[in-house]
2 protein chains.
Amino acid sequence: MGEVPLSHPRYNSLMGRKLLTEAAADGMLADSALIAHGRGEAYDYLLGEATCESARTAITQSAILMKQAKRCVISVNGNAVALAAADLIRCAAVLQCPIEINIYYRTPERMTALNSRLKKVRIEVSNEEAPTGWKGNWQTAVSDVVILGMNPDSRIPNLEGPRANCCADGILNADVIFVPLEDGDRCEALMEMGKKMIVVDLNPLSRTARRATVTIVDELMRMAPILLFDLVNEVSNETPKWDNRANLDNSLAVMLRRLDE
Amino acid sequence: MGEVPLSHPRYNSLMGRKLLTEAAADGMLADSALIAHGRGEAYDYLLGEATCESARTAITQSAILMKQAKRCVISVNGNAVALAAADLIRCAAVLQCPIEINIYYRTPERMTALNSRLKKVRIEVSNEEAPTGWKGNWQTAVSDVVILGMNPDSRIPNLEGPRANCCADGILNADVIFVPLEDGDRCEALMEMGKKMIVVDLNPLSRTARRATVTIVDELMRMAPILLFDLVNEVSNETPKWDNRANLDNSLAVMLRRLDE
């Protein structure tokens with residue numbers, strides 16, 4: 001795919017497609033990753049390819065939970081790295097939490113490709129200016145972000161296969177997990193462990209979306225800078241009463257209106 | 001991906017995913033083909049992964065138009081070949097019409113891979129029993145199906161790029177074109193030429209779906225055997241008044257009900 005001009009009305013969608021096909025060529029993705037991205041594109045089309053009000057609320061709620069966490073972790077798969085590595089590293093730097101690579105079809109080649117990509121992006125981000133409003137030494141904060149996943153030392157209980165492998169310093173002992181693009185079984189197993197799960201899922205009907213603590217029905221590239229903004233600027237220390245089902249229904253209503261127009 | 005057991009409740013969806021990833025590995029698909037398939041999966045999920053009543057009606061209408069055509073052609077891209085090569089060859093054999101390969105991102109490698117696959121499947125299908133109800137020499141009927149596209153000698157007017165290349169014996173002079181999984185621009189250009197366009201598109205809001213003569217909102221692997229059945233068994237010689245918009249709205253209503261349930 002060629003260059004995508006910034007002025008294109010569907011810039012975000014075309015850029016996502018480009019990043020994913022490049023990541024596939026770089027060996028970062030399983031066969032089914034592009035298909036999963038396509039499913040997301042279809043739901044995003046129904047959303048009007050914009051962050052809806054209920055998603056905006058869910059992002060703020062997520063920022064509050066992540067900042068209140070005793071041990072937060074950002075769990076990433078291949079698609080998350082392809083689409084939003086830099087913003088996720090920025091979020092981890094602000095929170096001083098680790099990023100853990102956890103993929104469904106685990107192969108040494110893909111793990112190495114993802115780990116290398118994250119380390120490369122970590123260096124790039126560390127050389128940038130700090131996000132507006134953030135105070136401190138940005139270069140140090142970014143360089144201190146630990147990237148886990150290469151050497152899992154634990155397993156998620158009640159979950160089969162290599163996706164159950166995880167790290168004690170990351171997913172296993174975290175109380176709040178931010179997981180873009182999660183699989184349903186793993187979300188359920190982690191909820192069973194009593195963790196607060198924050199997921200980004202464009203399908204408001206998916207098992208992941210229905211089960212999570214907070215579901216952000218939005219496209220990852222679009223929501224990640226907003227989450228970063230809220231992590232830097234949001235000051236609330238209280239958790240307001242959160243009704244995830246009601247919030248999900250509001251996102252669903254946006255799609256219904258569009259189909260019904 | 002491993003074997004998909006026939007008893008799996010989502011057999012068709014998982015088999016489609018398997019066929020597409022295998023076709024990608026065989027060099028039959030462009031980068032974006034898997035993403036496009038994923039978009040289809042999402043809409044099919046909203047359809048309940050079943051052929052709805054309005055799709056069933058659209059298939060019968062398509063069979064009538066294809067049988068009435070002076071010159072019918074079946075136009076295929078990589079995804080159509082991956083998912084339904086055998087059934088599309090069976091349909092072409094019943095109609096004694098050509099199949100033309102027409103792809104968006106045309107490369108000699110992909111064209112050769114698709115042409116070889118179709119020729120291989122044509123031999124396999126010619127050695128099968130004829131479809132129930134069909135009379136004649138099946139082996140001859142199948143062997144006579146012409147596969148076009150390797151040597152385009154014409155262009156579709158008002159359409160840019162290699163996807164405009166086509167064959168005089170196929171798309172250029174056809175009056176009825178059956179195109180699974182069509183791109184919007186090409187559908188419009190062919191409609192402008194006065195052709196009857198029959199498309200299979202899981203997104204009832206797409207430009208292709210809104211513009212075509214008959215839109216079948218269904219999954220290709222699921223609808224192809226039904227089309228074949230109608231081509232063999234449907235006897236109507238009349239074209240009833242066809243309201244494609246009304247039919248599309250009925251498919252949309254199925255999705256709306258599912259989102260709203």
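Reply: Gladly! Three bridges link β1(A) to strand β6 (residues 176-180) of chain A, and the two run parallel. Please keep in mind that this is a predicted model.

Me: What makes β1(A) and β6(A) a pair?

Reply: Pairing asks for at least two bridges between two strands. Here there are three, and A:Val73 stands opposite A:Ile177 in β6(A). Three bridges also join β1(A) to strand β2 (residues 99-101) of chain A, again running parallel. In that pairing, A:Ser75 stands opposite A:Glu100.

Me: Why is strand β1 (residues 72-76) of chain A called largely enclosed?

Reply: A residue is buried if 20 or more other C-beta atoms lie within 10 Å of its own. Five of the five residues of β1(A) are buried, so the strand is largely enclosed by the rest of the structure. A:Cys72, A:Ile74 and A:Val76 point one way, while A:Val73 and A:Ser75 point the other. In a regular strand, side chains alternate between the two faces of the sheet.

Me: Which elements make a right-handed β-α-β unit with β1(A)?

Reply: They are helix α4 (residues 78-95) of chain A and β2(A).

Me: Which residues touch the most other members of the largest nonpolar core?

Reply: Of its 166 residues, these are A:Leu88 and B:Leu88. Leaving aside residues up to four places away in sequence, A:Leu88 touches A:Ile74, A:Val76, A:Ala80, A:Ile99 and A:Ala224.

Me: How do you know that the buried residues of helix α8 (residues 184-192) of chain A are on the same side?

Reply: The buried ones are A:Arg186, A:Cys187 and A:Leu190. They cover an arc of only 100° around the axis, which puts them on the same side of α8(A). These buried residues pack against β6, β7 (196-200) and α9 (207-211) of chain A. After α8(A) comes A:Gly194, with a positive phi near 90°.

Me: What makes β3 and β8 of chain B edge strands?

Reply: Six strands of chain B form an open sheet in the order β3-β2-β1-β6-β7-β8, with parallel pairing. β3 (147-148) and β8 (214-216) each have a single partner strand, so one side of each is left without a neighbour in the sheet. Helix α3 (residues 53-68) of chain B packs on the sheet, touching β1, β6, β7 (196-200) and β8 of chain B. The direction of α3(B) makes about 135° with that of β8(B).

Notes. Residues are numbered from 1 along each chain as its sequence is written. Chains are lettered from A and ligands numbered from 1 in the order in which they are written. This is a predicted model: local features need pLDDT of at least 70, side-chain atom pairs count only at pLDDT 80 or more; totals for chains, interfaces and linings use all residues. A nonpolar core is a set of buried Ala, Val, Leu, Ile, Met, Phe, Trp, Tyr and Cys residues joined through C-beta atoms within 7 Å. A residue is buried if 20 or more other C-beta atoms lie within 10 Å of its own, exposed if 12 or fewer, and partly exposed in between; C-beta atoms are placed from the backbone. Two residues are in contact if their C-beta atoms, placed from the backbone, lie within 7 Å. Helices (H or I, at least four residues) and strands (E, at least two) are DSSP runs, numbered from the N terminus. A crossover is right-handed if, with the strands pointing away from the viewer, the path from the first strand over the helix to the second runs clockwise. Axes are lines fitted to C-alpha atoms, for helices over the stretch in contact, and angles run from 0 to 180 degrees between N-to-C directions. The arc is that of the directions from the helix axis to the C-beta atoms.
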